[in-house]
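Please open the model in your viewer and keep the selection tool at hand. The stops below go through nonpolar cores and salt bridges in turn.

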Amino acid sequence: MSAPAPTGPQSGPITRLRHAPHPERLRQRFWAQVRRGAEAECWLWAGGTGNSGYGLFRLGPRKVGAHRVAWMLTHGELPPSALHVCHTCDTPLCVCPAHLFLGSHRENMRDATVKGRKKGRGGRTGEGNGRARLNAPTVIRLRALPYRRGLDTELARALGVSVSAVYLARTGQTWTSLPMPGAPGWEAALARPD
């Protein structure tokens with residue numbers, strides 16, 4: 001009995017996982033939802049996606065990241081959940097096996113930070129953070145105000161943000177790239193037009 005012709009990028013073995021008893025059907029179903037190009041190009045997932053922008057593929061009762069399934073189909077089995085399947089191309093929908101590598105959570109976050117993709121701590125800060133609701137001139141004005149009881153609550157209502165967002169920005173716990181009153185660069189920041 002001869003083996004069926006491979007339909008994926010490689011004909012490597014696929015582990016018979018509990019939720020994937022028919023590996024060849026799984027390969028066909030998966031690769032049918034991929035827009036392939038040359039190996040140097042991204043192979044974009046055309047199936048369903050999650051809120052994060054990554055492709056999702058149903059394996060039995062659960063949905064798995066399409067890039068993780070591409071890894072499984074190429075290397076034989078899903079990597080342990082402690083390992084991330086990372087992209088060299090930084091394209092969430094890419095499932096090209098040549099663009100995928102394994103890394104720990106820390107390595108994945110470091111890669112994202114170095115490439116300027118990480119939001120929040122260690123990544124995009126200030127107005128470059130997509131979740132920021134304040135801007136640099138507003139934070140400078142907040143820091144210039146003398147503190148009094150209830151100030152953060154009033155400012156939060158006026159600005160449409162949380163009290164903690166005002167408090168953290170005003171006390172320098174966020175927006176750390178901006179100077180605090182009395183620090184070098186404070187006078188220049190205060191004089192800067194909006």
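**A tour by selection**

Begin with Glu 154, which at 42% relative accessibility counts as partly exposed, where buried means under 20% relative accessible area, exposed over 50%, and partly exposed in between (1.4 Å probe, protein chains only). This is a predicted model, in which local features need pLDDT of at least 70 and side-chain atom pairs count only at pLDDT 80 or more, while totals for chains, interfaces and linings use all residues. Residues are numbered from 1 along each chain as its sequence is written, and side-chain values use heavy atoms, with hydrogens and water left out.

Next select Arg 170 and Asp 152, whose side chains meet in a salt bridge at 2.7 Å, N to O. Arg 170 belongs to helix H6 (residues 163-170) and Asp 152 to helix H5 (residues 151-159), so this pair ties together parts that are 18 residues apart in sequence. Helices (H or I, at least four residues) and strands (E, at least two) are DSSP runs, numbered from the N terminus. Arg 170 counts as buried at 12% relative accessibility, and Asp 152 counts as buried at 8%.

Move on to Arg 27 and Glu 24, where a salt bridge joins the side chains at 3.8 Å, N to O. The two are three residues apart in helix H1, and are therefore separated by about one helical turn; Arg 27, at 4% relative accessibility, counts as buried. A search of the whole structure finds three salt bridges.

From here, turn to the largest nonpolar core, which has 21 residues, and select Phe 30, Trp 31, Leu 59, Val 69 and Val 95, the members that touch the most others. A nonpolar core is a set of buried Ala, Val, Leu, Ile, Met, Phe, Trp, Tyr and Cys residues joined through side-chain atoms within 4.5 Å. Helix H1 (23-31), strand E3 (56-59) and helix H2 (66-75) each supply at least two residues of this core, and H2 gives the largest share, six residues.

Which residues does Phe 30 touch, not counting those up to four places away in sequence? With contact meaning heavy atoms within 4.5 Å, they are Trp 45, Phe 57, Ala 66, Val 69, Ala 70, Leu 73 and Val 95. For the last stop, select Leu 142, Ala 156, Leu 178 and Ala 189, which are among the 15 residues of another core lying apart from the largest one.

Definitions and conventions: Salt bridge = Lys/Arg side-chain N within 4 Å of Asp/Glu carboxyl O.
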